[in-house]
Amino acid sequence: MGADDPTEPVSEAASRQDGPDLYEVTDWEERSRLDGFAVALYRFGTASARGGVILLGVLLLFGIGAFSAVTNPVVGALSVLSALPALGLAAYVYASDVTSEPLSLLLGTFLLSVVTATFAAVLNSFTREFFSGLGVVGFVAFFFLFVGPVEETVKLLAVRLYAYRDERFDAVLDGAVYGAMAGLGFAFIENVLYIERGLMGTDAGAGLALAVAGTEITLTRALAGPGHVLYSAFAGYYLGLAKFNPADRGPIVIKGLLIATAIHATYNSTVGLGAAVFATLGLPDLVAAFAYILLYDGLFGALLLRKIDRYRRTYRRIGAGTPPASPAATTTADASTASPEGDHPVARETGRPADDTGRPADDTGRPADDTVGVDDPVATDGAASGGDETDRE
């Protein structure tokens, strides 16, 4: 029994008998007008809190210029192109699900992640300067202490605000699907910001310069995008696990965030070095970066798909998606296996037909030797304990 379902002595005793009304003794339910007002006020408060978080995120979107994907067609087109690899990975995770997820929850999670990503943008910008003077140590510490935890938390928040609360979030694996969609939304808006800033100094009238700059930064961001889907799919899987294990919900969510943060921060800390190693083979910088990212994301992508596949195999092996047999079907199956002599008392007791004397008969119709039962360990060895030596030879 977990901490979320403690036993109260009065409630436990009352459950074993026809006890008294325990309203506001040990139990509670909405009865009076004051109860109803309390329920309504609580619902209003929680809804307002969620709405306030979303509104703040939208305002920050305006503040950091993220709406350039809508107002600037060049930025918008390049941002969409840069998000295609991430979209492909998210679609693969979606296709791996054993249940069907509604478009409304998928789209809602994507949009909410676009909104909550602004919290990470602001926090990362604010804290970066505190680590900038610490050299390599500060560089790595920044990724592990702020970038990884903050970005993975705001992506998981996008799932928690909407899809997690819906009854159609009805399987552990759904967490990975919605986590992947949150990663896609985060990657998209992050790409918008990088592309918008990368093109800021380029003359809009210089078509060739704009095309070259836009192509380079789009390819760079396209390489980074799938990672966000991968990290948050890990965290989302554990969020799904937490939903169906409420007594251990907190530690399970924390474990998922720790895994996602470690993979994310390690990537950020090593991508430059890894690309440099591949560049020593004579590869162009972009190709070298692609080689390292493919190796890194491929490794952890395989681990994620292994976890997903384990869930899928278990789901199918135990028939989790198959409705239970109806009582009528069970009765029919039992009747079809009953012996013709099932009405005889001996047959009902032994499960074997009775002979003319009323003794249980063997498969040949002869009376069975009732001195050796089917549960007798000697009988199961295939030899009678009373046989002579020649019988055993």
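S269 is located in helix α10, where helices (H or I, at least four residues) and strands (E, at least two) are DSSP runs numbered from the N terminus. The structure is a predicted model, in which local features need pLDDT of at least 70 and side-chain atom pairs count only at pLDDT 80 or more, while totals for chains, interfaces and linings use all residues. Residues are numbered from 1 along each chain as its sequence is written, and side-chain values use heavy atoms, with hydrogens and water left out.

- Leaving aside neighbours within four places in sequence, S269 is in contact with F139, V140, F143 and F144, contact meaning heavy atoms within 4.5 Å.
- The end C-alpha atoms of α10 are 44 Å apart, which agrees with the 45 Å that its 31 residues should span at 1.5 Å a residue; the expected span is 1.5 Å times one less than the number of residues.
- Helix α10 has a kink of about 50 degrees centred on T270, the bend at a residue being the angle between axes fitted to the seven residues ending there and the seven starting there.

**Helix α7**
- Helix α7 covers residues 135–161, and its 27 residues reach 38 Å from first C-alpha to last, close to the expected 39 Å.

**The chain as a whole**
- The chain contains 15 helices and 0 strands.
- Of its 393 residues, 37% count as buried.
- Among contacts in the chain with a separation of 6 or more, 68% join residues 24 or more positions apart.

**Nonpolar cores**
- A nonpolar core is a set of buried Ala, Val, Leu, Ile, Met, Phe, Trp, Tyr and Cys residues joined through side-chain atoms within 4.5 Å.
- The largest such core has 73 residues, and Y178, L184, I189, Y237 and Y311 have the most contacts inside it.
- The helices that each supply at least two residues of this core include α4 (73–82), α8 (172–198) and α11 (285–317).
- Helix α8 gives the most to this core, with 16 residues.
- Y237 touches V172, L173, G175, A176, K307 and Y311, not counting residues up to four places away in sequence.

**Two further buried residues**
- V192 lies in helix α8 and is buried, with a relative accessible area of 0%.
- The C-alpha atoms of V192 and L78 are separated by 8.1 Å, although the two residues are 114 residues apart along the chain.
- Not counting residues up to four places away in sequence, V192 touches A66, S68, A69, V75 and S79.
- G214 lies in helix α9 and counts as buried at 1% relative accessibility.
- With residues up to four places away in sequence not counted, G214 touches L78 and L199.

**The largest pocket**
- A pocket is found on a 1 Å grid over the protein atoms alone, as an open set of points where a 1.4 Å probe fits, with protein on both sides within 12 Å along at least five of seven lines; lining residues have an atom within 4 Å of a point.
- The largest pocket has a volume of about 920 Å³, the volume being the space filled by probe spheres set on the points, which are joined across faces, edges and corners.
- Of the 39 residues that line the largest pocket, E151, E190, Y194, R221 and N268 are the closest to its centre.
- Helix α6 gives the most to this lining, with 9 residues.

Conventions:
Buried means under 20% relative accessible area, exposed over 50%, partly exposed in between (1.4 Å probe, protein chains only).
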